[in-house]
Amino acid sequence: MSFLTLSNVSKSYGDNQVVKSMNLSVEQGEFVSLLGPSGCGKTTTLQMIAGFATVSSGRIALAGRDITHARPNTRGLGIVFQTYALFPHMSVEENVRFGLEMRKLPRAEQAARVARVLELVHLRGYEARYPRELSGGQRQRVALARALVIEPPVLLLDEPLSNLDAKLREEMQFELRRIQRTVGTTTIMVTHDQHEAMSVSDRVVVMEQGVLVQVDKPYELYEQPRTEFVSSFVGKSNLIPGRVLEGGALPRIELAGQPALAAVVPGAACQAGAAVLFSLRPEKVHLVAPGAGRFDGRVIERFFMGSHWLHRIDSPLGELLAMRSNDGPPPPQDGERVGVTWHDDSARLLPAPATAGAAVAAAQAVPA
């Protein structure tokens with residue numbers, strides 16, 4: 001039996017259903033991220049787990065206990081809010097100790113736990129400081145220590161890194177994962193940042209308009225998206241309308257209505273005549289000498305991203321994105337003619353928009 005289970009959980013505000021029949025199972029010690037754009041229902045899902053939002057229908061169970069309608073203070077969960085919600089008039093030690101005092105633990109145990117968790121988050125020596133005297137990253141660590149010191153069965157993180165600058169945010173992603181692995185606490189994080197979710201999670205739950213559309217390990221999610229939304233939201237993707245010319249083990253796909261530019265997609269299960277979307281990540285697109293690829297194109301413009309270059313290519317299939325590592329000779333210039341190619345096993349086939357609902361329905365029906 002899974003440690004935390006959501007069974008057909010829904011949430012409605014009047015006629016507006018913001019979470020729709022959510023089925024999700026989380027194992028003990030797992031780090032799971034709820035990922036999606038603003039308004040997709042991820043924060044509402046977290047609030048229902050915490051008990052801050054009532055469940056309209058369905059059931060939430062923790063370690064075999066039904067907590068669907070339990071009060072928040074009886075669930076014993078640790079929570080880190082987007083704003084950290086530290087008490088400004090309390091020192092770091094007092095903020096971290098607060099939950100233990102509410103539980104009336106012996107003073108000696110309180111002191112031992114506070115010292116242990118401050119060591120864990122690298123804040124020993126900061127006990128007497130106040131939140132106003134700390135950096136954003138340090139305040140985030142205090143909030144995390146305060147949530148962990150009560151030794152919760154589940155840690156809930158609501159956009160915990162969104163108030164940090166880009167460099168510190170990246171550093172704290174790795175720090176957060178280190179702390180979670182050290183403690184082993186089951187963790188659920190809400191984020192709209194795909195890179196954040198992919199870098200720290202054991203599994204990622206992608207939500208769209210209140211619906212769970214895919215749950216997978218980060219690598220599988222990126223390499224094997226099930227829908228157009230997942231393919232385009234989790235990283236960049238070239239999406240080209242296609243039609244299956246030949247099914248079987250090596251299906252041939254007509255691209256953009258041009259049979260002469262048909263491509264093979266090994267391992268894709270599809271029937272002849274089916275409408276599909278041909279998905280190709282920009283880093284899988286290779287720019288070669290004119291005449292040496294599948295077809296030629298022209299560089300519309302390029303963008304320097306530090307570790308790589310991103311090119312917009314005008315091609316017979318429409319505009320394509322191509323990514324090239326910054327580790328070799330200078331990249332093609334704007335306006336330059338180039339050959340475009342890719343390896344057959346780099347492409348993925350997705351349901352065409354008219355049939356994508358079937359993939360979503362399957363994701364809803366099968367608990368992760």
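Student: What is the bridge partner of Leu157 in S8?

Tutor: In this predicted model, the bridge partner of Leu157 in S8 is Met189, while Val80 stands opposite Leu157 of S7.

Student: How do you know that S7 and S8 pair?

Tutor: Two strands count as paired if at least two bridges are found between them, and 5 bridges join S7 to S8, residues 186-191, with the two strands running parallel. Strand S6, residues 78-80, also pairs with S7 in the parallel sense, over 3 bridges.

Student: What makes S7 mostly covered?

Tutor: Of the 5 residues of S7, 5 are buried, and both faces are covered, with Val154, Leu156 and Asp158 on one side and Leu155 and Leu157 on the other.

Student: Why is Cys270 called buried?

Tutor: Buried means under 20% relative accessible area, and Cys270 has 19%, so Cys270 is buried. Cys40, with a relative accessible area of 2%, is therefore buried by that cut-off as well.

Student: How many disulfides does a search of the whole structure find?

Tutor: The search of the whole structure finds 0 disulfides.

Student: Why does Glu159 have no salt bridge?

Tutor: A salt bridge needs a side-chain nitrogen of Lys or Arg within 4 Å of a carboxyl oxygen of Asp or Glu, and the nearest side chain of opposite charge, Arg169, is 4.6 Å away, so buried Glu159 has no salt bridge. Glu159 lies in the loop between strand S7 and helix H6, and, leaving aside neighbours within four places in sequence, Glu159 is in contact with Lys42, Gln82, Val190, Thr191 and His192.

How values were computed
Residues are numbered from 1 along each chain as its sequence is written. This is a predicted model: local features need pLDDT of at least 70, side-chain atom pairs count only at pLDDT 80 or more; totals for chains, interfaces and linings use all residues. Side-chain values use heavy atoms; hydrogens and water are left out. Helices (H or I, at least four residues) and strands (E, at least two) are DSSP runs, numbered from the N terminus. Buried means under 20% relative accessible area, exposed over 50%, partly exposed in between (1.4 Å probe, protein chains only). Lys and Arg count as positive and Asp and Glu as negative; His and the chain ends are not counted. Contact means heavy atoms within 4.5 Å. A disulfide is a pair of cysteine sulfur atoms within 2.5 Å.
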